[in-house]
Structure formats: structure tokens, C-alpha cells
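Q: I have a new model open and would like to learn how to read its features one by one. Could you walk me through them?

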Amino acid sequence: MGPFSNTQVFACVCMFLLWNNIQPSVENEFIANYSSRLLTSVPNTIPVHTQVLDLSHNRISGLSASEFISLSDLRVLNLSHNLITELDFGVFFFNQDLEHLDLSHNSILKVYCLTLASLRHLDLSFTKLAALPLCQELGQMSRLEFLGLSAATLRRSHFRYLTGLRLRKVLLTLEDFSLYEPQSLRALDTRSLHLVFAGNQNFSFPLLYDGMSTSETLRIDNLRYTLSSGYFPSPPLTLLKEIKTTALMLDTVDLQWPVILQIFLLVWYSPVERLTVRHLTFWGPVEELPGYEFLPLLSSLEERISLSGSMKALTLEHVRNKVYYFNQEVLYRQFSEMPLASLTIFDASMPHMLCPNRTSSFQYLNFSHNALTDELFQNCGTLTDLKFLVLQRNKLESLPKVSFMTSRMKSLKFLDVSSNLLSYDGPAEPCRWAQSLSELDLSSNQLTDAVFECLPVNVQKLELQNNQISSVPRGMAELKSLRELNLASNRLADLPGCGGFPSLAFLNVEMNVILTPLVDFFQSCPRVRELQGGHNPFKCSCELQAFVRLERRSGGKLFGWPGAYVCEYPEELRGRLLEDFHLAELACNTTLLLVTALVVTLALVAVVAFLCIYLDVPWYARMTWQWTQTKRRARHQQPQEQEGALQFHAFVSYSERDAAWVKEELMPNLERGEGRVQLCQHERNFIPGKSIVENIITCIEKSYRSIFVLSPNFVQSEWCHYELYFAHHKLFSETSNSLILILLEPIPPYVIPARYHKLKALMAKRTYLEWPKERSKQPLFWANLRAAINVKLPVADGQRCGETD
């Protein structure tokens, strides 16, 4: 077979890529994910035991029973965001365990029904159905809990098969909506109803009124009305008695302010307890209601409605207005006088809020992400029931003014003023907090160490992360009740002590500049149960190793250990976990290091002393001293003598026990005949009156050579050792070859004392003449000896050592 062509290779690559593309992302054998694979049909490679199948975000346009017949265990099927135009429930006839079916965001125009008895979740929302599917089979799915549908028209007849279903939640998407028959929604039996209206059409308010009479929880998206408020269809009076909704959410609202007020009034006198309005845009005239209050506008009618408002919580998020000028006080007054327990106005660019005129029922206020300043609620004494106040992301600057704001809030327990511009310069500005305040969030401000002089005395939980705190002052007022302290993301160089926090149980000092934490922290803070100290630039050193040992004894008190505790310094250890960092005990224990150094020093001194004694170092030192003194006296006593004048061929050193051989053999043979040698011998050449050492040194210096007669007797002689030492000293000082060794008798190595190491070295390195016992070899010995001496003297014979001509 020949090689592949380019076309064949390309085809193989395409098949490989296609195969990889359709392979599922399998978390386990029961879950298959084919999402976002550009599939145009259901793949035939799905594992037969699959229970959860995701085919969303593909290009599938049609379904058939053969594609699912083998998936008898299928329970969850997601086919959302495809191109399906027709749905036949018979496709899932063989999937009797199917519980969750999502076909939302398709182009479905027709539905052919079949009862799927196990189905709990069915989503056909955001499709192109013109009307709700009129299927008796749909009403027979008794286990159904969630139902999502789409329609362009809603009539009562559309819901006739759904009346028997008790649903948890219904989602209706009403894009391109054209018709609503009043009271149609009331046929539904659901606890939660979510209506998504067309985003480009005027809202049909009967949907709101009927929705409030249908479910406990109601959410409506895209509530817009561009017509004049005069055309607004007011709610019927009887509606107030029929409303079931207790929680109402309106998302993406664009209405005139008078219309908003009427909706608020409807809600106010209804059973609704929680109203949330998100992405609110209002326009038109902003006017005040009589007496700045929500009054029953229907009171002029003959039929009185004796209902008290049930509203407890109002939440407004992401509020924008299209009114260029209006009296903002009207708006603030209407909100401040609401008899609510909870009010949230989030992200509304609100620069101010008025203090209520009378004692307010507010227990929770959240004005986060606005433009409020330090003038908020100054000298306000009507918020006595307020327990929670959240003022994140505003323009508060003065911490003392914030404290004064709370001073008359007798019930305040929680205050959040994080992400502002707060600062505090010191005791020149006194602080006065509410006595009841137990939780305070001052994070993400501009506070320094001085903040500890301006804190509520009864605070139990304090958030101070992301400020400019470098230390906790030691002389600060004691916070006896403080249990949790967060100092993360500041400038701390060490762990704070607990002198001012005797009850502290939780401390967070992450992301500071702590290099080596205090080792005795847990001793000084015995009540701390958890310390979060990770993500600091730890310097891995001996001090830090002590902290690591502390962690092992703390019983798991370090939060985030070991992953959050990493060496930053030195460079070669960067990235290493602290639990993997180890140094030798000797390197970190100063006492042990000193003791070890002392022991080593003493041992070294002992070794040196032993070696000095063993090698007779004092003897050599004494000899060197005598040599030096002798030389000095010689220079003073004989200044006229020419330094370096030589008088003898050789100086003879020998033991007294070998004197017979020297006098009978050595001296006669060298001093007779031709080329007679002038020898320096101590008995005839030492000068009376001088010390022996001085005579030895003088004779060695006045001789060309030094002859040493070696024998066991020689090594036993102290004076021979002196002479050898001084001759060896001359050898090295003059860099000459002046030593001649004659081995008279063999010397066993064990006989030589240890201190005669110079003799051992000389015998090992230098050539010596060995005295032959045989008479026939002696002439050669004398010839070699004369050759070794071989010098001419410039002086006459018979002179004594040290004498001049």
C-alpha cells in the first residue's frame, strides 16, 4: 500500500476532531455532558446507563424516539438553547423514569402531547408557542412541580387542563404578547408565579392584579408603561380582598412616578409583606402625597376598606430617574415616614435621607452604594428601634460623626460603614457610640492605629480589614467584650497582643507584612480559638521555625494551615510550605550553639595541648628562643668579626657512647693525609666560658657541613638532639645542603622518641652514609664522605669556634 495522500490525511484529522468533539465530558458513568459541541442531532455514542444528559447550546433541530430508546435510566435531560421546532412527547415513551425535561430557548411552534407520569420539571419557556398547549395529557402529570410555558395570548380556556395540578412554581414568558383575558391566571394553583413580559411593550396591568391573586410569591420582569398616568388602569377595590401574594418582586421597571405610587398604595394595603423592585427607572412629575404619608386614597368612596398595611420590607435596587429637576425632599420624606420594619435603597445615587418626624418602626436600613455624607441622621432621635444599619460604599469621611450618628440609636446592634472614606486623627475628636452596638464593620476605609481610640466599648465583633493599621497601641482602652477581630490586609508587622482584648476568640491577620509571628501569642491570648495568619510574606528563619512548632502544639488553631502559610524570604525558599521548612536544632538554639562551641574549643585546646606535649613543642620553642638570643649576643659581642666567616669543614655531632668510633675511626681518617679535613669537635673546639648551646650554635655556623653520627645511642642523647635541631634550622635558613648523616648502627623506628620527628623526617627524605662493618668496603665509605665534604677553607687549622684570625 502506498503512502496516504494529503486528502486522506485531512479526512482522518477531520474524523478525529469530530469524534473528540462529540465525546461527552463524563463526570461519572451516569452523567454525560455534550453541551456546546455544535451538534445537529443527538449522538449515538451516549452510554446506555446515563441518568443525566446535557445537550444544551447545540444546533439540534429535531428529535426521534430511536435516539433515546436505549436510555432507559434517563432521569434528567437538558435540550435548552437548540433549534427544535416541534415537540412530540412520544419521543420519550421509553424513558419512563424521566423527571426533569428542559426544552427552553428553542423555536418550538407545535407540541404533541403524551403523559410522562414521572415528570416533575417541564420547561417550555422562551419558545415560539402562540398559545399554551391544550393537552389533557399535560394535566395528568400529577407529579409535576415546575412548569415553564410560553404564549402570545392567554385565555381562561388555555388553563382548563391545568386546574388539577398543584405546582410549586410556574414560569410564563409572554414575548410578542397580544391578548390577555382577565382572571385567566387565577386558574393556576401554584405557590410561585414568574411572568416575563415582552421588553418592548406596554405592560398589561391585569396580569399584575391577577398574578397577585394567584400565588404567594410573584415575580414580574419588564414592567413598562410609556402612556400617560391618566390612562393607567387602577386596580378594582375588590382586589384587596382577593390578593394572595405575600412576596412581590418587580424586575426591570420603567414607569412614571404617579404610577409607581399607585402600585405602592395597592401593595401597601394588600397582604404583601415584602416588595422588591430591581432596575427601577422613574420619570414624570414627582409630587408629595397629603401629609407626606401613604394615605388610603380610596377613603372618599362609600365602601371603606378597613385593612391595615401588612408591608414589612421594601427593597429598591439600581434606581435611576429621568427627571432633571424635582424636590428631592418630597421623595426622601415619603420613604423616611414609611411604617416599615426594613427599608433597602441600593445603588440609587442618593445623597441624603431625612430623619423621620416621629418615632420610626425601622429595624433594618440599608442605603449601600449611594452618595450619603457625614450629615446623615445627625441629631436624629426617632430611630430608637433600629437594630441594623448598612451604609456600604457611600461618601462618609469622619468616624467621630458616624459615632455621633449612632449615639441616639438605643437599639442599634449592627453597623456596616465599610468601603467609605473614613479617617480618624486622634483624641482631639471625641467619639460617642451607641451603647448597644455589638458588631461594627469599618473595613476598606482610611483608618490608622488611632482608630483604637474611637471604638464602641461593648463591641463584640470588629471588622477592620483593608485599612492602614500598622500596630495595635498598647495603651488603648480595653475592649472587654470583643470576641472577633479582623485586621486582614493592613500593615501589621507582627501579631497583636491581647492586652486590650481579654475575651478575644477569633483573630484574622491575613495579608499583612508579618515576617516572623510572635511565638508566645497563644500564651498571651489563651482564649483565642482560631488564628487566621496565612498569606503573609513569611521569612523562613529560626524564629519562624519556633512558630511552626507552636502550630503543632496549638491543636489546629491556625486557620488555613498548611496551604496558606508559605515562605516568601529568603529567595531560595520562596514558595515552600512552612510545614516543610526545617532547620537543625543547633542552628536555632543559641544556648546549645554556645555550649557546643565551648565544648569544641575545649576539645581543640586539649588536642593541641596533647600534640604539643607529644611532639615536644615547648622544647622546640625553647630551642628557638635560645637560638635567637645567642645570635643577638653574638652580634653585640663580636661586632668586628665578619659575619658568615667559616673555619671548619664540618662539625661533628655524636653520642658520648660513640666517642670511641669518632676518635679512632672518623677523626684519624679525615684529618690525615692529602686533603685533610678540619673537623670541629666539642672537646677541643668549644670555647670555655660560653654556654653549651651557644658553643653548639657557633660551631655549626662556623662549619661548612654538619656530620651526625646516628645510632641508637644518638637518639637517647639530649645534646645530640639540640645539635640536630640547630643544624636543621641552618639548613632551612640558608637553603643549603649542609647535613651529612652517617648511620653507624641501624636504628629501629620504635626506638626514636616521638618528639624526634625531625630526625624521622630527615632519615626518610635524605640520603645517608651507612658505616660498613666489612674492612673491604670502608675505603669507599671514606672516599664518599670526603666527596660529600669537599670544600676549601680560607683559614688555618686549629682555631676554636668563635675565634678570629
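A: Gladly, and let us begin with disulfides: a disulfide is a pair of cysteine sulfur atoms within 2.5 Å. A search of the whole structure finds five disulfides. Please keep in mind that this is a predicted model, in which local features need pLDDT of at least 70 and side-chain atom pairs count only at pLDDT 80 or more, while totals for chains, interfaces and linings use all residues. Residues are numbered from 1 along each chain as its sequence is written, and side-chain values use heavy atoms, with hydrogens and water left out.

Q: To which residue is cysteine 113 joined by a disulfide?

A: A disulfide is a covalent bond between the sulfur atoms of two cysteines. Here cysteine 113 is joined to cysteine 135, with an S to S distance of 1.6 Å. The torsion about their S-S bond is about 55 degrees, so this disulfide is right-handed. Cysteine 113 lies in the loop between β7 (110-112) and β8 (121-123), and cysteine 135 in the loop between β8 and α2 (136-139), so the pair ties together parts that are 22 residues apart in sequence. The element names come from DSSP runs, numbered from the N terminus: helices are H or I of at least four residues, strands are E of at least two.

Q: Is cysteine 135 buried or exposed?

A: The scale is relative accessible area: buried means under 20%, exposed over 50%, and partly exposed in between, using a 1.4 Å probe and protein chains only. Cysteine 135 is buried at 6%, whereas cysteine 113 is partly exposed at 21%. Glutamine 136, in helix α2, is partly exposed at 47%. Glutamine 136 and tyrosine 161 are 25 residues apart in sequence, yet 5.5 Å apart in space, C-alpha to C-alpha.

Q: What is the handedness of the disulfide between cysteine 431 and cysteine 454?

A: Read the torsion about the S-S bond: for cysteine 431 and cysteine 454 the value is about -105 degrees, so the disulfide is left-handed. Their sulfur atoms are 1.7 Å apart. Cysteine 431 sits in the loop between β21 (414-416) and β22 (439-441) and cysteine 454 in the loop between β22 and β23 (461-463), so the bond ties together parts 23 residues apart in sequence. Cysteine 431 is partly exposed at 26%, while cysteine 454 is buried at 1%.

Q: Where do cysteine 540 and cysteine 567 lie?

A: Cysteine 540 is in the loop between β27 (538-539) and α9 (542-554), and cysteine 567 is in strand β28 (residues 567-569); the pair links distant parts of the chain, 27 residues apart. The S to S distance of this disulfide is 1.7 Å, and its torsion of about -90 degrees makes it left-handed. Cysteine 540 is buried at 7% relative accessibility, and cysteine 567 is buried at 1%.

Q: Now for sheets. Which strand order does the open sheet of five strands have?

A: Strands of a sheet pair through backbone hydrogen bonds, either parallel or antiparallel. Two strands pair if DSSP finds at least two bridges between them. The order in this open sheet is β30-β29-β31-β32-β33, with parallel pairing. Its edge strands, β30 (679-680) and β33 (769-770), each pair on one side only. Strand β29 (residues 648-653) joins β30 over two parallel bridges, with alanine 650 opposite leucine 679.

Q: Which strands does helix α13 touch?

A: Contact means heavy atoms within 4.5 Å. Helix α13 (residues 659-671) packs on the sheet and touches β29, β30, β31 (703-710) and β32 (739-743), its direction making about 145 degrees with that of β31. Such angles run from 0 to 180 degrees between N-to-C directions, with axes as lines fitted to C-alpha atoms, for helices over the stretch in contact. Helix α19 (residues 778-789) lies across β29, β31, β32 and β33, at about 165 degrees to β32.

Q: Why is strand β18 described as largely enclosed by the rest of the structure?

A: Four of the five residues of β18 (residues 342-346) are buried, so the strand is largely enclosed. Strand β17 (residues 313-321) runs parallel to β18 over five bridges, and three bridges join β18 to the parallel strand β19 (residues 364-366). Serine 342 is the bridge partner of alanine 313 and also stands opposite tyrosine 364 in β19.

Q: What handedness does the β-α-β unit of β17, helix α6 and β18 have?

A: A crossover is right-handed if, with the strands pointing away from the viewer, the path from the first strand over the helix to the second runs clockwise. The unit made by β17, helix α6 (residues 328-336) and β18 is right-handed.
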